[in-house]
Every structure is written in structure tokens, then in C-alpha cells.
Amino acid sequence: MSTTANGNDSKKFKGDIRGPGAPSRVIHIRKLPNDVTETEVISLGLPFGDATNLLMLKAKNQAFLEMNSEEAAQNMVGYYSTVMPFIRNHHVYVQFSNHKELKTDNSPNQERAQAALRALSAAHVDPAAAAPSTVLRVVVENLVYPVNLDALCQIFSRFGTVLRIIVFTKNSQFQALLQYPDGVSAQSAKLSLDGQNIYNGCCTLRISFSKLTSLNVKYNNEKSRDFTRPDLPSGDSQPVMEHPAMATAFTPGIISASPYAGATHAFPPTFTIQQAGLTVPALPGALASLSLPGATRLGFPHIPAGHCVLLVSNLNPERVTPHCLFILFGVYGDVMRVKILFNKKENALVQMSDSTQAQLAMSHLNGQRLHGKPLRITLSKHTSVQLPREGHEDQGLTKDYSNSPLHRFKKPGSKNYSNIFPPSATLHLSNIPPSVVEDDLKLLFSSSGAAVKAFKFFQKDHKMALIQMGSVEEAIESLIEFHNHDLGENHHLRVSFSKSSI
């Protein structure tokens with residue numbers, strides 16, 4: 001189907017009112033700001049290939065952008081499904097058009113669009129003109145709270161389209177290499193973000209231009225991503241870089257091996273960007289969020305309170321219980337309510353006490369295996385989990401934990417805030433009574449059929465120990481089963497994931 005635009009195109013052309021359809025070279029862009037320019041619309045597509053035609057429907061705040069190939073269009077739509085596109089602080093929506101090509105006329109509007117297309121075609125653009133490189137090297141100093149690939153990607157997307165990103169630990173510092181399509185974006189990001197704190201008083205960004213001119217990414221996973229290539233495999237190992245400078249970059253450190261197992265480019269964005277600046281989880285406790293203008297740090301207001309409910313899917317309906325989700329998600333925040341869906345028991349809603357804890361739980365548990373199946377976690381559209389009405393029995397599938405004594409984070413400034421780690425095969429045990437010895441604990445943790453690989457008491461404090469299970473999945477299930485286990489002498493075992501191994 002083709003479209004002919006003329007001087008009255010905004011009156012005649014109703015746009016695509018159906019949902020995103022089959023792939024097409026034509027991209028439908030909606031919710032554009034009133035004063036948007038042709039150049040701004042075309043720039044959305046440039047990182048993925050040349051744009052060959054443009055139809056602006058300014059009266060409807062819409063546009064149609066035709067790319068030079070269906071592959072370029074697919075990469076563009078795939079990228080913007082994971083990273084929200086913004087023009088002048090307006091979130092715009094990108095989807096495939098129902099139209100397969102654009103046919104346009106010679107109206108004044110179209111002449112302006114064609115001039116913009118010619119000016120911005122790849123043959124006329126020198127992407128490195130404004131800066132020494134389109135690749136930035138980012139070092140995060142004073143890393144008190146976890147920062148991951150998704151967080152950096154969303155922060156840096158504020159200044160342009162992030163094409164590729166690699167995160168690694170080098171010299172005991174969490175670092176990243178990040179590539180923009182043009183030097184202007186790289187320069188703007190460096191000027192705006194260098195020296196800023198992601199959180200109040202910590203996680204400081206140090207940014208410099210990299211000597212690399214391009215990044216070659218082989219895998220889309222938690223360590224690296226190429227948003228122009230959504231077809232890349234997730235890979236079973238660390239990304240392999242062709243550039244020799246990258247060979248020494250991937251060493252164990254702050255980001256543990258595969259903390260987000262199974263995550264790919266389709267991992268839901270943990271962070272969003274809004275008009276007032278960057279919006280990422282606010283800090284727990286007394287650390288307040290700050291505003292960006294005039295400050296020497298990034299301002300992160302709270303994520304809306306409606307985002308504290310998580311939708312958890314791909315559960316094992318034969319084994320999952322509200323209690324098991326309460327204990328597991330409780331590692332990353334205080335769980336208020338859990339509802340396993342009555343007609344779809346492989347799905348559940350988990351309500352955390354605030355949006356920060358919801359984001360922590362989602363980023364650490366998405367893709368982890370529970371009862372033999374990888375968890376899929378997204379933010380729910382619900383603002384709270386409803387309890388069943390009185391007299392309505394739901395087979396115990398909904399539980400209210402708002403007054404539970406097992407909440408780990410109810411005390412402001414609790415030390416548990418600084419002990420949040422991704423799931424690992426090694427568990428940290430505490431509150432062990434003097435009468436309990438190594439064999440007692442090894443016997444307890446192997447009683448469910450799991451393998452205990454190693455055990456070690458803390459040298460200075462026998463109330464604490466590390467126990468290494470056969471796999472991360474076994475450790476997750478052991479934590480669920482034995483956290484708060486009664487060891488006698490009024491001691492209930494405390495279990496959490498460890499950052500150390502034995």
C-alpha cells in the first residue's frame with residue numbers, strides 16, 4: 001500500500017490506527033512535539049541506515065519515515081522498543097507502519113522534507129566532526145549502589161541514540177565503553193555528565209573520549225549490547241571483542257558473572273527518562289533525590305509510586321507459593337502483598353514497599369531460574385495488589401505481608417541496604433547459635449536434595465558462615481527454604497546471597 005501526500009495531507013491522511021503490524025520500511029512516529037523539525041525526525045532513524053522519504057503530519061503530531069531497507073527499519077523499531085526515544089523532552093512512539101512505501105508530491109512541506117533528507121543522508125554527514133571520537137569511556141567511581149548496563153544506557157540516551165555499549169571491571173573499577181552515532185551526542189553527554197553523581201554523594205561518572213573509533217559487539221547480554229543488531233545471540237560466555245585493547249577488560253569484579261542470566265537486548269528498561277531530567281530509583285533511607293539544574297550531580301526523583309508492583313511470569317505452577325515469592329523478592333526489598341493469578345498460576349503480582357525496591361528486585365531476579373524455569377519480571381500496570389473480598393476464597397493464592405516480622409529493610413539505614421547482591425551459588429548465613437556446628441548446617445542444606453560444595457565459618461564470628469551450593473538455582477531454592485529456619489535457642493537463621501565465594 002502506498003500513500004500520496006499533498007498540500008492537504010494532514011486532513012486526508014488518518015495515519016495508522018491499528019497496532020504495530022508486520023515489518024515495513026515505513027516507520028510511523030507518534031506524539032511528536034508541536035514544533036518538531038524534519039531534521040529531528042530523520043535523526044531518529046539515521047543510526048540504523050539512510051532515510052529515503054519523510055511525510056510530516058504536523059497537525060496530528062505524527063510523521064512517517066521511510067528507511068532504505070526493511071532491515072534498517074526492523075533494527076530501529078527493535079531499538080526503540082527497549083530505549084524510549086525522546087525529542088525535546090517529549091517521549092515519542094515508534095512502530096511499523098501499515099504502509100509499505102511513501103509516495104510524496106512537490107508541495108512546499110515536502111520540498112522542505114526532501115531538503116532535510118538530502119542534508120542528513122549518510123553521504124553528507126561526518127559523524128566525528130564535533131568530537132575526537134563517537135566512543136566514550138565511562139568510569140563509575142565510589143560505587144556504593146549497583147549500576148548496570150541498562151542504567152548507563154538510559155542515562156546516556158538522554159543525549160543521543162546509544163548504538164553499542166560494553167560494561168566491564170578493570171583495575172577494580174566499574175567501567176563502560178559507549179558508542180553514539182555522531183560526535184555531537186558524545187560531546188554533549190561528556191560535557192553534561194562528567195563529574196556528576198548518579199546518586200547523592202556516590203557513583204560518580206568520570207567520562208573521557210576513547211581511542212577506539214567503533215565498538216564491535218558479538219553478544220547482546222548483561223555485559224554488552226548492540227542496539228542496531230537485535231539478532232545477535234546472548235552468548236554463553238563473556239563478550240569477545242575484536243579490538244586487542246578489550247582483551248584485558250573483562251575481569252571478575254563488581255559485576256559478578258552473569259547476574260542477569262538470560263537477559264538480552266529485550267530486557268525491559270529499568271530506568272526511564274522524563275522531562276525534568278533523569279529518573280532512576282531514589283536511594284533508600286535518608287539520602288534524598290536532588291534536582292539536576294545547577295547541581296554537580298544527577299538528579300533522580302522517585303519513580304512514580306504506581307511502579308512498585310511487579311508482574312512475575314514463567315513460574316512453575318506446581319511448586320510456586322506466595323511464601324516462596326515473599327522470601328525471594330524480600331532479599332531486595334520489603335514485600336507487601338503477593339497474588340498468584342487464579343486462572344494463570346504461572347503468573348503472579350508482587351507488591352514491594354516502594355519503587356526503588358521494585359527496580360532492585362526486577363534487575364537482580366529477571367532471568368534467574370526458580371523451580372527449573374527462568375523468571376520473567378516486568379513492571380505491572382497495577383498500582384497495588386487487591387486482597388480478595390470478604391467471603392471470596394481464592395485458595396490462599398493472595399497473601400498480605402505488610403506486617404511481616406521478616407522484612408529486611410523496615411529499619412531506616414539498615415545494614416541490609418549495603419548487602420544487596422545478585423543471586424549467587426554462595427549464601428551468607430547469620431544468627432547461628434553457638435551449639436550449631438558445620439555438619440549440622442551442611443546436613444540441613446543438603447536435606448532438600450541440593451549439593452553442598454563448600455562451607456566456612458567466619459574466623460572472628462561463628463554466628464556467621466558461607467555455604468556454597470551446587471548452582472545458583474539451588475542456592476535460590478535453599479534461601480527460600482531455610483531463611484528464618486528455627487535452629488533452636490531462639491535463633492532463626494538469616495540467609496542472603498554472598499558477594500564472596502569460598
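Q: Which residues does Leu54 touch, leaving out those up to four places away in sequence?
A: Leu54 touches Glu38, Val41, Ile42, Ala63, Phe64, Leu65, Leu102, Thr104, Gln110, Ala113 and Leu117. Contact here means heavy atoms within 4.5 Å. This is a predicted model, where local features need pLDDT of at least 70, side-chain atom pairs count only at pLDDT 80 or more, and totals for chains, interfaces and linings use all residues. Residues are numbered from 1 along each chain as its sequence is written, and side-chain values use heavy atoms, with hydrogens and water left out.

Q: OK, and which residues have the most contacts inside the largest nonpolar core?
A: Ile27, Ile29, Leu54, Met76, Leu152 and Phe156, in a core of 56 residues. A nonpolar core is a set of buried Ala, Val, Leu, Ile, Met, Phe, Trp, Tyr and Cys residues joined through side-chain atoms within 4.5 Å. Apart from it lies another core of 54 residues, among them Leu441 and Phe455.

Q: Switching to strand 4: is it buried or exposed?
A: Six of its six residues (62-67) are buried, so strand 4 is largely enclosed by the rest of the structure. Buried means under 20% relative accessible area (1.4 Å probe, protein chains only); strands are DSSP runs of E, at least two residues, numbered from the N terminus.

Q: Which way do the residues point?
A: Gln62, Phe64 and Glu66 go one way, Ala63, Leu65 and Met67 the other.

Q: How many bridges join strand 3 to strand 4?
A: Six, and the two run antiparallel; strands pair if DSSP finds at least two bridges between them. Asn53 stands opposite Glu66.

Q: And strand 2?
A: Strand 2 (residues 26-30) is joined to strand 4 by four bridges, also antiparallel. There, His28 stands opposite Phe64.

How values were computed:
Buried means under 20% relative accessible area, exposed over 50%, partly exposed in between (1.4 Å probe, protein chains only).
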